[in-house]
Amino acid sequence: MSSDLRTLPYLTAGIPGIGGVIKALAADFQVTELPLYQPCGSGEHTYVTVEKSGITTPEAIRRLAKTLHLPEREIGYAGMKDSRGITRQTLSLPRVAPERLQEVAIPGLTILDVQRHTNKLRLGHLAGNRFLIRIREVPAGAAEQCRSILAILMDRGCPNFFGEQRYGSQGNSHLIGRQLLRGEFREAVMALIGDPAQVRDERWQQAITLFREGDLEGSMAAFPGHCRVERDVVASLVKRPDDWQRAVGRIPPRLVRLYLSAWQSLLFDRLLARRLDSFDRLLAGDLAWKHVNGACFLVDDPAVEAPRAQAREISPSGPLFGSKVTLPQGMPLEMELAVLAEEGLTPAELAGPASFRLEGERRPLRIPLSDATAHQDEEGIVIEFTLPRGAYATTVLREIMKPDAVDLQGFTATMDGCIQNA
């Protein structure tokens with residue numbers, strides 16, 4: 001795993017973490033959507049609030065569509081929810097009478113509420129999420145540490161790190177994205193195949209080792225079933241050993257976007273790490289993020305905007321680098337260009353090859369945390385908190401638990417899917 005991922009600082013570094021284990025049971029991780037608006041009670045769409053466990057949002061949509069004989073594309077949703085834990089979210093169904101939902105049984109779904117509304121739910125139509133998370137195997141007295149950490153996070157905001165779960169099981173997604181952006185296709189393939197020391201599956205280790213030794217056919221045969229993309233890329237090289245660009249072409253576009261996004265995420269995390277001591281204070285030239293609507297504006301006088309920043313209405317923003325991202329001025333611009341220069345790039349070079357083009361956008365350096373509580377019982381710590389849409393629960397849990405570097409891979413695996421909002 002990249003050293004970048006092991007060295008992200010903690011805002012609450014002065015308070016020891018409580019360690020512990022999450023997601024031991026489904027009930028240990030609960031997420032409830034907070035709606036952006038309430039259904040009006042009339043209209044052609046039926047809003048159905050469901051509770052699910054063990055299935056993803058797309059699978060819930062598939063089961064609803066099959067049961068109700070609807071096209072999947074007509075079912076609306078506000079945010080994606082992970083299969084782990086217990087999640088409660090609202091979906092919209094066209095041309096389905098509320099009474100009909102009381103007559104059907106849908107495997108894996110419990111219907112909690114049904115109301116009519118005039119429009120289809122769209123991605124992002126939610127205010128945020130309320131989390132209830134149990135952390136097990138914590139020391140006695142951990143509740144006080146937990147409350148102290150939560151108090152700081154509610155006062156200053158949560159560092160908006162993407163964190164380890166963004167970079168894949170080998171911690172290499174950003175490396176693949178970096179090489180794709182540069183058009184260095186051989187290096188992109190090498191990064192995709194990865195390092196045998198970063199995986200635990202013996203067949204997977206063997207496949208990577210054989211590839212590095214030049215045994216392409218042996219490597220292709222050794223890759224386990226879940227490594228379909230790697231196997232397809234190697235199969236392309238078996239036919240044309242030196243055509244690295246053709247091999248890269250076997251990577252699905254969805255994954256290409258993920259790898260490029262991981263590279264953007266890494267650079268954002270680097271910038272945030274450097275600004276963490278003052279990540280809640282605006283500088284002249286900053287592009288301030290309005291939390292109410294995601295708009296940005298240039299800060300001329302930080303003193304004028306300081307009360308709004310202290311109230312967590314606005315925050316400094318950082319770049320997800322791309323050819324169209326708006327850049328700040330003054331010192332914030334110097335810091336962002338320095339991060340980019342370390343990658344050997346300038347803003348003019350961010351367009352990249354046509355197939356790997358990044359437009360870019362701004363992202364707040366912090367996220368507001370509200371209504372956070374913690375209590376300890378015989379089974380561990382129970383924490384509850386609210387985050388706005390687009391935020392990771394990982395940012396809160398990471399500060400509370402402070403996993404050691406040696407345990408980072410296990411923590412990353414358990415945290416996979418902890419972004420609960422669109």
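## A buried pair to start with

Glu33 is buried, and Lys81 is buried too (buried means under 20% relative accessible area, exposed over 50%, and partly exposed in between, with a 1.4 Å probe and protein chains only). The side chains of these two residues, Glu33 and Lys81, meet in a salt bridge, 3.2 Å from N to O. A salt bridge here is a side-chain nitrogen of Lys or Arg within 4 Å of a carboxyl oxygen of Asp or Glu. Glu33 sits in strand β2 and Lys81 in the loop between β4 (76-77) and β5, so this pair links parts of the chain 48 residues apart. Strands (E, at least two residues) and helices (H or I, at least four) are DSSP runs, numbered from the N terminus.

## About the model

This is a predicted model, in which local features need pLDDT of at least 70 and side-chain atom pairs count only at pLDDT 80 or more, while totals for chains, interfaces and linings use all residues. Residues are numbered from 1 along each chain as its sequence is written, and side-chain values use heavy atoms, leaving out hydrogens and water.

The structure holds 20 salt bridges. One of them joins Asp28 and Arg136, with the closest N and O atoms 2.7 Å apart. Asp28 lies in the loop between β1 (21-22) and β2 (29-35) and Arg136 in strand β7 (residues 126-136), so the pair ties together parts 108 residues apart in sequence. Both residues, Asp28 and Arg136, are buried, and together with Glu379 they are linked in a network of salt bridges.

Arg88 and Glu51 also meet through their side chains, at 2.9 Å from N to O. Glu51 counts as partly exposed, at 26% relative accessibility.

## Around Thr87

Where is Thr87 placed? Thr87 is in strand β5 (residues 86-94), and it is buried, with a relative accessible area of 2%. Leaving aside neighbours within four places in sequence, its contacts (heavy atoms within 4.5 Å) include Glu51 and Lys81.

## Where two domains meet

An automatic or database domain assignment sets the domain bounds; domain 1 is 1-30 + 132-157 + 369-421 and domain 4 is 277-367. Ten residues of domain 1 are in contact with eight residues of domain 4. One salt bridge is counted between domain 1 and domain 4: Asp280 pairs with Arg156, the closest N and O atoms being 2.9 Å apart. On the side of domain 1 that touches domain 4, helix α4 (residues 142-156) gives the most, with three residues.
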